[in-house]
Amino acid sequence: MGLIVATLVFGFGYARNHRRPAPRSATQDAVAALPDKPATTPPAPASPKPAPRVKKDNDLGFDLVESARAVGIVHPHLLFKPHPSIKNVAPWLTSAGASAAVVDFDDDGRPDVYLTNMEVGSKNRLFRNNGNGTFSEVGDGSGITDVNKDRVSLRAVFFDYDNDGKKDMLLTTSQCSSLYRNVGGKFVDVTKKAGVDHCGLAFAVAAVDYDNDGFLDLIIADYFKPVDFHKPATFKFMQNSLVAADNGGPIAVYHNNRDGTFSRVPGSLGITSPGWTMALGAYDFRGTGRPDLYLATDYNSDRLYFNEGGGKFVDASSTIADKYSKNGMSAEIADVDNDGNPAVYVTNIYEPMYKLGENMLWKWSPKERKLVNVARERRVSQCGWSWGAKFLDLDDDGRQDLVVSNGFISANPNKNYWFAMSTIGSSTGAVLEDTRNWPTMGDASMSGYQKKCLFLNRGARFEDVTDKTGMKDDVSDGRALAAIDYDDSGSLSLLEATQGQPARFYRNERRNANHWIGFKLVGTRSNKDALGAEVEVRLKGRALRRQQQPLNGFMSQSDERLHFGLGKDAVLESVSILWPSGRRQTLPALALDRYHVIQEPSADGK
Amino acid sequence: MANERKPLVVPGWRDPRWLILAYLFSFVVYALSSPGFSRRPAQWLAGLAVCLGLDWLLLRFYKKLNVLPVSGLVTSMGVLLLCDSPDVWPYALVAALSILSKHFVRSEGRHIFNPNNFGIVLGLLFFGEHVSVVAGRWGGSAAGMCLVAALGAFTAYRASRLDVSWTYAASFFAGVVVRSVWMRKPFLSVVAPMTGAAFQLFTFFMITDPMTTPSSRKGRIAFGTALGALDNVLRVYQVPHAPFHALFAVCAALPLLRSAAAAKAERVWVLRELSLPR
């Protein structure tokens with residue numbers, strides 16, 4: 001009798017598992033919904049024209065409308081072909097690298113866009129903001145687009161390393177990194193002259209003034225150990241464990257010498273890592289005025305380093321309360337509760353039956369001096385195979401919402417690599433790290449065609465409202481997410497870099513009457529970009545806080561202007577700025593619904 | 001007399017389960033202390049409480065035995081090592097399913113399924129969004145794999161079930177060779193699971209449960225061979241967590257085969273007794 005019951009139970013269970021929505025039809029729908037198919041050759045750019053205003057009937061007070069072509073941002077992300085000897089894992093090796101940066105490269109006060117590419121011979125693209133709701137591609141002759149001749153681009157980081165008021169650029173690539181100095185809208189390669197001798201495959205870069213000397217330093221964390229995918233000297237460069245891999249790339253710290261050059265810091269200030277770093281998040285967690293560092297790490301536990309000043313970092317990873325998820329991808333940090341205690345959103349991999357690594361929302365608890373995961377109770381813990389994440393106030397209600405991109409490899413929907421992955425993943429490290437032992441991926445999908453997540457901050461919890469917005473049809477292999485107020489409307493739009501697919505631009509169609517205020521900070525004693533500065537906007541009965549950290553997240557750089565949604569009946573009382581130099585500046589009530597340029601007072605208080 | 005309390009019976013130290021318990025406990029300590037394994041004490045305590053409590057209650061009030069639930073203790077450790085979930089409740093659930101199967105899914109006076117395997121298979125089938133098995137949790141250490149294999153082989157030997165392990169491993173390996181040639185896959189990519197600690201745990205600890213394996217040597221060899229073959233077949237069809245489903249199926253088939261064999265033996269005996277041609 002018992003046997004019969006067991007057999008029936010098994011049968012029902014098996015049937016239940018196989019009754020789940022058939023991936024074929026769902027995926028076919030999803031593919032049909034793509035605005036652009038993955039391209040191998042770039043289509044002709046559409047002639048820029050003002051984006052049509054479309055009204056949607058949702059109850060959110062805003063909508064996100066995909067408008068990449070309409071605003072003139074046409075950028076198909078192209079992938080390189082690894083050496084034939086490692087083509088069995090080619091989709092894996094080319095599965096990350098699409099990055100997006102929002103930067104005012106020509107210092108005209110309007111945010112422009114830079115997108116990278118990953119095919120040898122392809123060009124990165126630089127789009128200038130025309131000021132009329134459109135962008136024009138202006139990369140030719142800029143010095144930073146035709147940079148993929150014998151390598152491919154990964155992360156682009158714009159920062160003013162020489163404090164001349166112009167944004168320079170560090171570009172990590174599949175080979176060595178390059179530093180480009182901005183000489184007035186054009187860029188000159190100064191890598192050798194500046195002493196940035198980093199070679200290695202890095203997604204994670206932080207530009208921080210870790211010693212508060214007024215100049216931005218560089219921290220570059222490699223993912224792989226040095227390897228040339230076009231001519232690999234070894235086949236043993238994959239992770240040697242799924243949960244405790246220790247054979248990834250190193251971390252390099254470059255101190256800014258304040259004379260246009262950098263020096264590599266021996267010992268990297270004590271910041272160590274087993275490699276496989278996906279993202280570096282910088283934030284002053286403890287109110288010390290110094291940037292701490294969060295390292296989102298793949299195939300291992302994440303790391304947290306506290307900045308103790310004087311160029312000394314201490315390992316505070318033990319303050320991360322739980323370490324179930326082992327695939328940290330993104331390190332997006334914000335004060336989501338406006339209570340002065342930041343939260344780190346770390347994306348992970350959730351694939352039922354195989355990997356249950358949920359996304360984490362690590363809330364800093366000053367009492368316990370720990371990061372406590374509140375993702376479950378805030379309802380932001382699951383979003384498939386997640387990559388980039390961005391906190392931004394989409395409806396200008398004063399609370400920062402959260403957008404998450406996802407999807408690993410969307411190829412043949414009828415083939416799934418998860419089983420093969422779980423098989424090779426159960427072996428010893430010596431077998432796992434050797435690419436020759438990996439089953440051929442071919443055209444198999446793996447956590448592909450996933451719907452993105454737009455979590456609206458409702459205070460105590462977040463609400464997934466993706467289906468009510470124009471993001472609902474997005475099943476691309478999303479990677480970087482960057483916030484941008486491209487038309488100075490006070491409504492943050494969203495730029496999404498996708499892997500091997502066209503970039504997307506989600507225009508924010510805000511329809512409510514909420515007020516807002518924004519700030520462009522200019523450091524004088526602090527670094528010119530004011531990275532690390534904290535602004536507190538005091539309203540009647542509440543206060544909102546933001547730190548100037550546009551480089552957090554995954555492979556992205558957001559609009560550097562700090563944006564505060566204020567709600568409908570906002571009464572602004574004061575604005576207080578804590579500059580990285582330690583100086584606190586308090587401003588009286590400023591005009592709402594516009595951006596303000598705030599310069600750090602000089603030593604004599606002017 | 002009816003109200004007289006029977007003393008708690010504690011199995012003697014020669015009981016082979018103590019050895020298994022000792023080894024499994026060392027794995028539990030590893031699982032709880034290793035950052036890679038990511039198990040929390042609360043998860044173990046949940047499984048432990050349910051296993052011990054439920055097993056003791058069923059022994060005491062269902063089977064009228066006042067016995068220290070050593071088997072429940074063994075099962076609780078298996079639950080912690082096998083079940084993979086960020087939550088606590090799946091450990092309690094799998095523990096409950098495991099113990100219930102031991103007491104209620106029975107044939108010929110003994111349980112049919114390895115309790116842990118029953119619990120984990122049902123957990124995967126019905127709660128796949130919350131329950132998983134991640135073999136990679138054991139990390140990539142070859143030394144760790146060898147240690148698990150050595151301890152497991154000794155345990156299986158003491159339980160007189162080493163033949164099950166070897167035949168399963170041999171059958172699986174033969175299937176690996178066939179799959180590698182037939183499906184044109186790199187040999188190491190197919191044989192990869194055999195190099196991991198999770199495979200050793202399954203081979204030497206899980207499938208060697210004396211209660212759910214045949215008592216005859218021939219039967220055990222057939223059991224191990226069938227298990228390895230079915231595991232390979234399921235892998236061809238990319239069934240997730242194939243070994244567990246294979247063990248479930250083979251264990252389910254055992255009572256049927258036993259009753260078929262018994263019926264055949266009875267027929268032979270009757271025919272012989274009646275001196276009729278067979």
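**Chatting through chains A and B**

Q: Hi! Which strands of chain A make a hairpin, and how many residues sit between them?
A: Hello! β38(A) and β39(A) form a hairpin, and five residues lie between the two strands. In the turn, G582(A) has a positive phi of about 105 degrees. One thing to keep in mind is that this is a predicted model.

Q: Okay, and how many bridges hold β38(A) and β39(A) together?
A: Four bridges, with β38(A) and β39(A) paired in the antiparallel sense. β39(A) covers residues 584–587. If you want a pair to look for, L578(A) stands opposite R584(A) in β39(A).

Q: What about β34(A), which strand is it joined to?
A: To β38(A), by six bridges, and these two run antiparallel. β34(A) covers residues 534–539, while β38(A) covers 572–578. Here V537(A) stands opposite V575(A) in β38(A).

Q: Where do side chains point in a strand, generally?
A: In a regular strand, side chains alternate between the two faces of the sheet.

Q: New topic: what is the strand order in the open sheet with three strands?
A: The order is β37-β33-β40 in chain A, and the pairing is mixed. β37 (562–567) and β40 (595–599) are the edge strands, since each pairs on one side only. On average, neighbouring strands of this sheet are turned by 25 degrees against each other, ignoring direction.

Q: And how many bridges are there between β33(A) and β37(A)?
A: Five, and the pairing of β33(A) with β37(A) is antiparallel. β33(A) takes in residues 515–522.

Q: Let's zoom in on one residue. Where is G214(A)?
A: G214(A) is in the loop between β10 (202–208) and β11 (217–222) of chain A.

Q: Why does G214(A) count as partly exposed?
A: Because 17 other C-beta atoms lie within 10 Å of G214(A). A residue needs 20 or more to be buried and 12 or fewer to be exposed, so G214(A) falls in between.

Q: Which residues is G214(A) in contact with, leaving aside neighbours within four places in sequence?
A: They are D209(A), R525(A), S526(A), N527(A) and S581(A). Take R525(A): 311 residues separate R525(A) from G214(A) in sequence, yet their C-alpha atoms are 5.9 Å apart in space.

Q: Stepping back, how many helices and strands are in chain A?
A: Chain A has eight helices and 40 strands. Of its 606 residues, 61% are buried. Looking at contacts with a separation of 6 or more in chain A, 63% are between residues 24 or more positions apart.

Q: How many residues of chain B are in contact with chain A?
A: 42 residues of chain B are in contact with 41 residues of chain A. The contributors from chain B that supply at least two residues each include β1 (106–107), α6 (142–158) and α11 (242–273). α5(B) gives the largest share, four residues.

Q: What kinds of residues are on that side of chain B?
A: The side of chain B that touches chain A has 23 nonpolar, 14 polar and five charged residues.

Q: Back to α5(B): how many of its residues are buried?
A: 11 of its 12, so mostly covered describes α5(B) well. Among the buried ones are P115(B), F118(B), I120(B) and L125(B).

Q: And how far does α5(B) reach?
A: From first C-alpha to last, α5(B) reaches 17 Å, close to the expected 16 Å at 1.5 Å a residue.

Technical notes: Residues numbered from 1 in each chain as written. Chains lettered and ligands numbered in written order. Predicted model: local features only at pLDDT ≥ 70, side-chain atom pairs only at ≥ 80, totals over all residues. Contact = placed C-beta atoms within 7 Å. Nonpolar A, V, L, I, M, F, W, Y, C, P; charged D, E, K, R; others polar. Expected span 1.5 Å × (residues − 1). Pairing = 2+ DSSP bridges. Axes fitted to C-alpha atoms, helices over the stretch in contact; angles between N-to-C directions.
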